[in-house]
Amino acid sequence: MSNPFVQIVEPLDPKQPLKKFFNLSKLEDVRYARLPFSIRVLLEAAIRNCDEFLVKKADVENILNWKVMQHKNVEVPFKPARVILQDFTGVPAVVDFAAMRDAVKKLGGDPEKINPICPADLVIDHSIQVDFNRQSDSLQKNQDLEFERNKERFEFLKWGSRAFKNLRIIPPGSGIIHQVNLEYLARVVMDQDGYYYPDSVVGTDSHTTMIDGLGVLGWGVGGIEAEAVMLGQPISMVLPEVVGYKLLGNPQPLVTSTDIVLTITKHLRQVGVVGKFVEFFGPGVAQLSIADRATIANMCPEYGATAAYFPVDDISIGYLIQTGRDKEKVMCTKRYLEAVGMLRDFQNSSQDPDFTQVVELDLHTVVPCCSGPKRPQDKVAVSDMKKDFETCLGAKQGFKGFQIAPDQHNSIVKFNFEGCDFELAHGSVVIAAITSCTNTSNPSVMLGAGLLAKKAVEAGLTVKPYIKTSLSPGSGVVTYYLRESGVMRYLSQLGFDVVGYGCMTCIGNSGPLPESVVEAVTQGDLVAVGVLSGNRNFEGRVHPNTRANYLASPPLVIAYAIAGTIRIDFEKEPLGINASGKKIFLKDIWPTRNEIQAVERQFVIPGMFKEVYQKIETVNKSWNALDAPSDKLYTWNPKSTYIKSPPFFDGLTLALQTPKTIEDAYVLLSFGDSVTTDHISPAGNIARNSPAARYLTSRGLTPREFNSYGSRRGNDAVMARGTFANIRLVNKFIDKQGPQTIHFPSGEILDVFDAAERYKQAGHPLIVLAGKEYGAGSSRDWAAKGPFLLGVKAVLAESYERIHRSNLVGMGVIPLQYLPGEDAGTLGLTGRERYTIIIPEKLKPQMNVQIKLDTGKSFQAVMRFDTDVELAYFHNGGILNYMIRKMAS
């Protein structure tokens, strides 16, 4: 491979040969030494691809000149080394691949060209639910029910693993995608094609950024964009700004990594890092373990950045050895990184690169905290939780308010559970879940929770039996060290039995609450509480009956479960009173940092990781027994309600069709700020009175067989009907929360899908109006596919979260953005107008387009196709159409 920039270096030491690599650090150019380490990864990827048409010398020069070019919307290609998928986003990806093979064949091409080119790993972690808890056999029962519900999906995925090369399936029951990536899949340095080069990854889950904590540059993309990457298409990205986040000092003894990340999330939301890289540096980084760093990187989507990067240092190298990676390969990894100037010493300030902006945090100032009740960025110090919740009760309906009448603040509802009488009030905890890779990947907080449980049990404390408690680790390693260290039995005694290895409560797979609890909450219109160690707490996500949800560290999850309420001041009020009448305070049972570290050193060892991961692909007997076809083209079953050939490619021809002006579009929905993909995309349980339920009933299914929207992402008929079906949807056209809108020609209030169908049958195009941060949250491709199928041609918003804008582009839906200083209010838009969006014949990135209203008024908006590549996708009607034409021609 020739290269116009740097010499290919031969092995440094013949006795222990390194593969060839580009010696970037030998560039006779001071620009390299000043580049952020995350940008160095982009540079290496560009140089590695220089012989391909994808990357030109100008691209490399633009990256080297990052400091000058970052504000100029310069487009550079990035070709990740790997792709990771989870099953909720992976099933529709494999469905699309199967349908694309059919389409390529129809157009006269070779269908087997539709095949992953780069390694792709799909981890099945989103399907298992907390149907059973507080039982010794909860894990087995939940796994059995998972297979019963999802057998057809799993058979389809097993077909995909046989039909497509480079696609590996990690079976259900193995763990959570990002934790498995951190502990097992990540290479840090790739060892392929005769070269060493930095590992990099994109994933169909927004928390792919977790791997940035290990020094692997990665971020979440839309499922549609990931499919293109798998087919060899680079990501076209605008050269990002890089915010340097300087960490100083040492955390206080009672502070956990959860407290640190919630503090950083609030801080960076205030700074404003949407669309930017954040790179951590400073001596404080050296005080953080890889698990701590991964926790901080995991919640990158919650503070809005594209990536949250911790360069590789000696602690990263030590983690690779601790998690059972091959020592010889690890040493080669270290020598390669040293040779190319990409091994970081955080104590050495002379290595600090140039950044767009620098912000600081003294770790010593962080205090124990939670976030909520409705958003991850709303941090509350634990010492203020009681007061903050009580303020939220009476505050106006919003992110920090429930608008409960003052005379109802102390309402109590009595109920009976399993023959005993209990009481619920506003603030009562009904869900307490140690869940999510955000925290279960971190031995210090998990062992901290176990030690706290031990002390609580020994002090005579218990958890009320009606509280839905659960422990869903991100990998089998967690159970291994909790059991070996002797704390597992204490967690079980408090109700925190292992219920499954998957995302579970974190993604809303929290399962049903006891009927008597639901009746009490409904009867008293109570603001019941969920406390979870997850990363998101948007409305309607965790459970329909928990209006307040707080993110907390695993030890705090247990503490609030014992207390039974969020309305407690741990400093002044006891957690409980034991059988001897003694008051037990949280400080009495909170383990010290030294206690935790001593147990971690003894029990979190390489042998555990090796034992768990060497059998990860074969350990699930139910998966092994699945029978799946091996044909290269999938045989669609017309009776299936899970897997269906999508209509995206119907009528596709090789010839391009010129995009047309959108004429007289109606507004389907009008939103305010922070509408998330949880609001847009079908998620959670399928309500019995919903359009999706009516469809499934018409196919002969009973409500017990509905399963979740996530499990039915391979069926467009269900997913289209579930789009905008969130019960907490706030549509300005309707005076209450709910998944309805006004069908303006008739004036009727209808379910969103039914209204869209009426518009479609009459030939009327649709648009959506929105405020700031439209599409925040998970990287759900159906948040773009669903509106596309409803007939939405464009969205007009004040701003977009990065992944969702990319997904809209991928589906050919136009993301329009108000001009600076303008919004629906300043322009006097009610949403009841009809909108004509003028699409010029010649388009260019981020150009202004004219929008005319039927009232005679007109204004301009930015068409957010940010790069020439995105415009090419638009001209093709979406990224998948582009790839089909490319493969068929």
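I looked up L247 and found that it stands opposite L361 in β15. This is a predicted model, and in it strand β12, residues 242–248, pairs with β15 in the parallel sense over six bridges.

I then traced the sheet as a whole: four strands form an open sheet in the order β14-β13-β12-β15, with parallel pairing. Because β14 (307–309) and β15 (357–362) stand at the edges with a single partner strand each, one side of each is left without a neighbour in the sheet. I noted that the twist averages 20° from one strand to the next. Helix α9, residues 257–271, lies across β12, β13 (277–281) and β15, and runs at about 150° to β15.

Next I turned to the rings, where a search of the whole structure gives 30 aromatic pairs. One of them is formed by F415 and Y466, edge-to-face, at 5.2 Å centre to centre and with 80° between the planes. F415 lies in strand β18 and Y466 in the loop between α16 and β21, so this pair ties together parts that are 51 residues apart in sequence. Both F415 and Y466 are buried.

I also checked Y774 and Y800, whose ring centres are 6.2 Å apart and whose planes stand at 85°, so the pair is edge-to-face. Y774 counts as buried at 1% relative accessibility, and Y800 counts as buried at 6%.

Last, I recorded one aromatic cluster made up of F97, F156, W159, F164, Y634 and W636. For charges over rings, I found R483 over the face of Y480, 5.4 Å from the ring centre, and the charged end of K587 over the ring of F585, 5.8 Å from its centre.

Terms used. Residues numbered from 1 in each chain as written. Predicted model: local features only at pLDDT ≥ 70, side-chain atom pairs only at ≥ 80, totals over all residues. Heavy atoms only, no water. Pairing = 2+ DSSP bridges. Helix = DSSP H or I, 4+ residues; strand = E, 2+ residues; numbered from the N terminus. Axes fitted to C-alpha atoms, helices over the stretch in contact; angles between N-to-C directions. Contact = heavy atoms within 4.5 Å. Phe/Tyr/Trp six-rings, centres within 6.5 Å; stacked < 30°, edge-to-face > 60°. Buried < 20%, exposed > 50% of the residue type's maximum accessible area, 1.4 Å probe, protein only. Lys NZ or Arg CZ within 6 Å of the ring centre and 35° of its normal.
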